[in-house]
Amino acid sequence: MFLFLTGCANTIDYGKASLNLELGMPKSDVMELLGTPKRTDVNENRERWFYWNKEVIGFTPVDNEMLASDKLVVTFKNGHVVDWGKNAFMKDAMDAQQRIMENYMPPSNEDNN
């Protein structure tokens, strides 16, 4: 029992910690607040940091991002926070759709008037 309690003392409540995030916050401040991310995802448009705590299933701690109930995703552009929340998949899909529309939409006739 002692080991279990010791392990829990070091976890961060990412829901509460996210209340201290601010738009425009630099990566160094996020690192100080939340620690090192468990996973990162970088592309030419943005960088995402993923945080989660282990879930306890029965008596076994399981470190699995998909099972985590307290997952937090922080999104950066040019080194500064632009968004945070739980679901990055939908945001990625919306961003991709937006880029497709911008690349393939014909120029508006209003630009020629």
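Contact here means heavy atoms within 4.5 Å. The model is predicted.

Strand 2 was examined first. The strand spans residues 47-51. Strand 2 is mostly covered, with 5 of its 5 residues buried. Burial applies to both faces. On one side lie Glu-47, Trp-49 and Tyr-51. On the other lie Arg-48 and Phe-50.

Strand 2 pairs with strand 1, which comprises residues 39-42. The two run antiparallel and share 4 bridges. They form a hairpin, and 4 residues separate them. Within this pairing, Asp-41 is placed opposite Arg-48. Strand 2 also pairs with strand 5 (72-77). This pairing is antiparallel as well and has 5 bridges. Here the bridge partner of Arg-48 is Thr-75 of strand 5.

Two loop residues were then considered. Asn-53 sits in the loop that links strand 2 to strand 3 (55-57). Its relative accessible area is 13%. Asn-53 is therefore buried, since the cut-off is under 20%. The side chain of Asn-53 makes two polar links. One reaches the backbone oxygen of Ile-12 at 2.6 Å. The other is a polar contact of 2.5 Å with the side chain of Asp-70. With neighbours within four places in sequence set aside, the contacts of Asn-53 are Thr-11, Ile-12, Tyr-14, Ala-68 and Asp-70.

Glu-65 occupies the loop between strand 4 (60-62) and strand 5. Its relative accessibility is 14%. Glu-65 therefore also counts as buried, being under 20%. Its side chain makes a polar contact with the side chain of Arg-39 at 2.8 Å. A polar contact of 3.1 Å connects the side chains of Glu-65 and Lys-71. Beyond neighbours within four places in sequence, Glu-65 is in contact with Arg-39, Phe-50, Trp-52 and Lys-71. Arg-39 is in strand 1, and Phe-50 is one of the buried residues of strand 2.

How values were computed:
Residues numbered from 1 in each chain as written. Predicted model: local features only at pLDDT ≥ 70, side-chain atom pairs only at ≥ 80, totals over all residues. Heavy atoms only, no water. Buried < 20%, exposed > 50% of the residue type's maximum accessible area, 1.4 Å probe, protein only. Polar contact = N/O pair within 3.5 Å; in protein donor to acceptor, adjacent residues only side chain to side chain. Pairing = 2+ DSSP bridges.
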